[in-house]
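This report goes through selected features of one model, from a single residue to the contact between chains.

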Amino acid sequence: MLGWHVTLWTAPLAGALVAGLGCRRLAPAAAHGVTIAAVGVSCLLSWWAVWDTWVAGRVFHHPLYTWAASDGLVLRIGLLVDRLSALMAATVTGVSLLVHVYSIGYMRGDPGYNRFFAYIAFFTWAMLALVLADGLLLLFVGWEGVGLASYLLIGFWFTRPRAGAAALKAFLLNRVGDLGMVLGIAVLAAAAGALDYPSLFAAAERLGGTPAVGGLSAATVGCALFLFGVAAKSAQMPLHAWLPDSMEGPTPISALIHAATMVTAGVYLVARLAPLFEQAPAVRTALLLIGALTALATGLLGLVERDIKRVIAFSTLSQLGYMVAALGASAYAAAIFHLFTHAFFKALLFLAAGSVILAMHHAQDLAAMGGLRRRLPLTYWTALAGVAALMGVPGTSGYFSKEAILAAVGGAGGAAGGFAAACLQLGVAVTALYSLRLFLLVFHGAPRSPQAAAATEPGAVVTVPLLVLAVPSLFVGASTVAPIGAGLSALWALPAPEGMHGAAAALRHGLATPAPWTMLAAAVAAFYLWGRRPGPAAFERARWLAWLRAGYGFDAFYERLVPRAVLACGRGLARRLEAAVIDETLVHGTARLVLWLGAGLRRWHAGRLDAYALGTIVGVLLLWLWS
Amino acid sequence: MAVVVTAPWPWLSCLIGLPVAAGGVLLALGEARARLAGPLAVLCAAATVLLAAWPLAAGFDPAAGLQWAERRPWIEAFGVHWAVAVDGPALALILLTAAMTLVVVLLGGTVAYLAAFLVLEGLLIGVFAAQDALLFYAFFEAMLLPMLVIIGVWGGPARRRAALKFFLYTFAGSVLFLAAVLYLARRAGGFDLAAFGAVALDPIEQAWLFGAFFLAFAVKVPMLPLHTWLPEAHVEAPTGGSVILAAITLKIGAWGFLRFALPITPLACAEFAVPVVALSLAAVVYVGLLALVQRDLKKLVAYSSIAHMGFVTLGLFLGPASAAAGAPDPQAALLGLQGAFVQMISHGLVSAALFVGVGVLYRRTHSRAIDAYGGLAARLPLFAALFTLFALANTAVPGTSGFVGEFLVLLGSWRLVPWWAAIAGSTLLLSAAYTLWMLRRVVFGPVPAAAAPLAPLDRAETVVLAALAAAVLILGLWPQPLLALIGPSLSGLVEGMSAP
């Protein structure tokens, strides 16, 4: 299997290299042909791996090569194919393949067409490295690799200043997380002497039991540092501010990277390292709080946003908050299950938004849309499926995964658990509000601009992926809730989370909780607010909501305060310390001192005999006194 | 303990002699025969690369310590020998020197310019191979001369001042170094480096000697606050000068610590380790902040060099720092040394590539101002792609060589003092900020309205940049071969330092 799994991992890289190196010579069809073929191969092999691990129950560990060896620490690159990584790989390559196909239509005629396909194939490879890694070393290679792909793709239209700013912001905020990752890796390398998962897990209890730094255990310190990585990559507060701006990139990217796959890497990391996080209860409490707060607070932002893609981006932030909260409640299987269903319905929503944007000639303002239901029927119906799943309408995929999370967090207990459960319940209502607002403003009412009135549905390469994604958005949850719950939990020797014991049980249990009913109430409110009169509601522009439109001030902090402070610091140091003290006083001062000494001494060497005689006498006297 | 002659044939003497002789031939040919001299220079530089790699093909054993040793009397009256040999680390740096000289020669120049670089190459190889302290000193001083000429003759408008500053700074350090060498030679009864390491020195003697070594080598690295010559020298130096300055001569500072300070004065290294670490960390943070506000491309790369060299000195002094804390940690020491060394090689490749990149731009626009550029991704796509790769390597993205050394040093420093790792780790943010912000303004963004079309990369530029890119990626994806080459010698150094 080694060969197949290596092929599964590296095929997209081969595609990216061909498309990238030949980017100026290849015909567009060749560029997308080779990358689609490569990702297709990966996709097929991933589903084979899913069969191997889920049905046949096998686990593969392939050490590939020694990356670096030092005294007592050997860092290896290798692959681990088990249920978790195979499921992730299948999700990643599946969505990636659809996004590749969709991009044929979306990117048609773009001068950077070939480059685009090279980037997304490279992204797929890096994401597979992150997912299939057998240890933290290759995971981190993939981790920064996907960050790099994200940076390149957010800034894809590089002549637009806003794209460049968004790309830089994304990279730098992610680097805050990467710093945490590197230090966390250093903690574990020092404490466990290895970075591969099997060794780390074997040592998990020791890592959790023995104090390492400042009286805290290595597991606690390491996981706490990984928290930075999780918050940055999975866009949790307060490191979330890059994700809405990442919408400057082409829409297929928003679907693939900034919704379905890359942003879930933080969730995957915690689930992957579950044995270590189980040893760090304080860190799990932090996850619970951060996740719940993000789920509610970023959902609210979706209520006042006017840009169609940014609304969906806020929705992604909010849903990632649900996953992170589930991790905090030790419901790893529920988090991964929501990751899995979310990948489909969120990719679907973004691709539907892309279809709308194409039809609207790249206008993205909700105020200019309306009435697209009749102009874009396929997009309308598939988007409805996506919205239903996002809201968690009972029976859709999103219902089952969100229900599992709500049940797990509700059972977490403690003050933090209670707070988180309340946030997530409120979040259900907020989700219904912003989802339906989006849906109604885009598709219902009368067209509010000439573009909307004249919109036509894009061709089959765009609509077929929508149809393909609508199927799992609606149905994959019911059929997989029980096997994923049991199968994943077995990996960590945990019981399957409550709410993942079967579709029928989950429906019965869920309908007895407030969640579906708050959702229903919110849906009614949404129809009342946005359904009766077309166009944005009046309250969206209310003055008392300015803080919401400003995103709680995070953007001002990251875009103005921090850069200004750092640059002022740099300029101040350059002028006051570097130029004035070090170069002028120290360096040139030394030079002047030497000149001054030379000039002074020269007076004593003027050839005057009396001066020499005086010097001799004084010298002899001094020597005599000395001895 | 003297150097034992083990070379089956005088490989190192040939390696030192070939480029120097080639430089002489070039000068004899003169500018009038440039069409003959140019290809000849490339041929000689390429031959030197192959010759430098010879031991690898002839069964070089990294675990066997110094090899290919030659020793013959040079100045018999003073007991000075022509004693040269290489171990793994020396061979790695010699290969880097040969490769970088080939890069410079490929990019071309006047005949005298090429000759200066070939002569410089021979002297630099001599520095890394010398096993006799006075021979080392001779090479160490002699290499200043071609460098001085390169900056002073082919440099920018303020080249005289920059060359003088460069010369005075480094010369001041090396005078003290000579005094230290003479003192040690009297104690050891000869100039053999191996004998220096065997002299029993009391802590006071070690402190004085360390002081002399430190000044000589800290200027070269350069370490804070002795660094202000570097940005000036880089800005005025021609492209080739910057390449060799950044890629090789800065490494001689670190090499000096590795060959002299650490093995000969281990007690003093431990004594002063914490201040040295503090200066290294200050270099990372303070110089990183300075790099952020530079408006001149070359100055930005120069400041970035100083910040990256901070990781080298940090790594070198992890072992002594652990000894100073009373808990010698050989694992941290080795991680530090390995990381520092990989960082030296990687910085050699990356900073050289960035300087070549700046040179490529300067050749076309005669400007180094960051504000003068924009939208290169549209105007010079191939260049933009390669330059982006080197920028990413500069910010230590995994998969590039820039990651390896910094990662290993961070792993080592966390073992000793987690705060050191956290402060050093701030480079992840700072280097990304200054490098990618520069990238945003130079490579991305709108094309300036008044921009003239730029000539695409010529063949030599493409070959050079592509080869450097390949090296950066290979070293980043699979650093183990390099670590295997340098590991045994560094382990030996760790053992030597921890032995009483």
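## A buried serine and its surroundings

Ser246(A) has 29 other C-beta atoms within 10 Å and is therefore buried, the cut-off being 20 or more. The model is a predicted one. Ser246(A) belongs to the loop that runs between helix H10 (242-245) and helix H11 (251-260) of chain A. Neighbours within four places in sequence set aside, the contacts of Ser246(A) are Ser150(A), Ile154(A), Ala166(A), Ala170(A) and His258(A). Asn174(A) lies 72 residues from Ser246(A) in sequence, and the C-alpha atoms of the two are 12 Å apart in space.

## Chain A

Chain A has 627 residues, of which 59% are buried. Its secondary structure consists of 27 helices and four strands. Along the principal axes, the C-alpha atoms take up a box of roughly 110 × 60 × 55 Å. Of the contacts in chain A between residues at least 6 apart in sequence, 80% connect residues at least 24 apart.

Strands E1 (residues 60-70) and E2 (residues 73-81) of chain A are paired in the antiparallel sense, with nine bridges. The two form a hairpin with two residues between them, and Gly72(A) in the turn has a positive phi of about 75°. Opposite Tyr65(A) stands Ile77(A) of E2(A).

## A helix pair in chain B

In chain B, helix H6 (residues 144-154) packs against helix H7 (residues 159-188) at an angle of about 160°, and the axes are 8 Å apart. H6(B) is therefore roughly antiparallel to H7(B), since angles over 145 degrees count as such. The crossing of H6(B) past H7(B) is right-handed.

From H6(B), the residues that meet H7(B) are Leu144(B), Leu148(B), Ile151(B) and Gly152(B). On the H7(B) side they meet residues including Arg159(B), Arg160(B), Phe166(B), Phe167(B) and Phe171(B).

## Contact between the chains

The contact between the chains involves 47 residues of chain B and 45 residues of chain A. Among the elements giving two or more residues to the chain B side are helix H12 (266-292), helix H15 (330-365) and helix H22 (480-498) of chain B. The table sets out the residue classes for this side and for the helix pair described above.

| Contact | Nonpolar | Polar | Charged |
|---|---|---|---|
| H6(B) with H7(B) | eight residues | two residues | two residues |
| Side of chain B that touches chain A | 36 residues | nine residues | two residues |

Key. Residues numbered from 1 in each chain as written. Chains lettered and ligands numbered in written order. Predicted model: local features only at pLDDT ≥ 70, side-chain atom pairs only at ≥ 80, totals over all residues. Axes fitted to C-alpha atoms, helices over the stretch in contact; angles between N-to-C directions. Parallel < 35°, antiparallel > 145°, perpendicular 65-115°, else oblique. Left-handed = near helix turned anticlockwise from the far one by under 90°. Contact = placed C-beta atoms within 7 Å. Nonpolar A, V, L, I, M, F, W, Y, C, P; charged D, E, K, R; others polar. Pairing = 2+ DSSP bridges. Buried ≥ 20, exposed ≤ 12 C-beta atoms within 10 Å, placed from the backbone.
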